[in-house]
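Welcome! Take a moment to look at the sequence and the model below, then read on for a short tour.

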Amino acid sequence: MFAKPQSEHQWLEQLIGTWDIQHCCTMPDGTQSKTTGSMVCRSLGGMWLIAESSGEAADAGPWANLMTIGFDIEKKQFVGTFIGSMMSNIWPYHGVLDETGRRLPLYSEGPKFDGSGIGQYRDTIDIIDPDNWLFGSEILSDDGQWVKFMEGSHHRVVT
């Protein structure tokens, strides 16, 4: 019953710490918004990464979100969730590291921006170096292309 951390769990440890974040969103209708904030990432028993973020969007006010990521040993994939103060649904994640070991795409599904049903989404963590990583969000378009609508940078806060 008690699982032991694997190398994939150890991969998540590089995200532990406090981060300054800057995100830019471009919605399908072309509206753009920029937000700044901070993220605190901690480990839950070496098995889960808990990432809590908060900040301020210039046009929308304060926001907060919570992301969990772990590795399901049986499924052999990363799993997790994302919830945010600006939405009423939970986003379940699943994904595998790419061949470089620096990029983790996390797939989910949820409401389309235009309210026309459920869409396929991909959030991606790209490790740049020990003090910087990127987070991007894409939606799968009707023609099968991934369209980026949010990109953000995370810079480690040195204490």
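This is a predicted model: local features need pLDDT of at least 70, side-chain atom pairs count only at pLDDT 80 or more; totals for chains, interfaces and linings use all residues.

**Charges and overall build**

The chain carries 11 positive and 21 negative side chains, and the centres of these two sets are 5 Å apart. Residues are numbered from 1 along each chain as its sequence is written, and side-chain values use heavy atoms, without hydrogens or water.

**The chain as a whole**

- The chain has 1 helix and 10 strands (DSSP runs, numbered from the N terminus: H or I of at least four residues for helices, E of at least two for strands).
- Starting at the N terminus, the order of elements is α-β-β-β-β-β-β-β-β-β-β.
- Along the principal axes, the C-alpha atoms fill a box of roughly 45 × 40 × 30 Å.
- Of the 159 residues, 38% count as buried (under 20% relative accessible area, with exposed over 50% and partly exposed in between, using a 1.4 Å probe and protein chains only).

**A look at aspartate 142**

- Aspartate 142 sits in the loop between strand 9 (132–140) and strand 10 (146–156).
- With a relative accessible area of 77%, aspartate 142 is exposed.
- The C-alpha atoms of aspartate 142 and glycine 119 are separated by 9.2 Å, and the two residues are 23 residues apart along the chain.

Key
Lys and Arg count as positive and Asp and Glu as negative; His and the chain ends are not counted. The place of a charge is taken as NZ of Lys, CZ of Arg, CG of Asp or CD of Glu.
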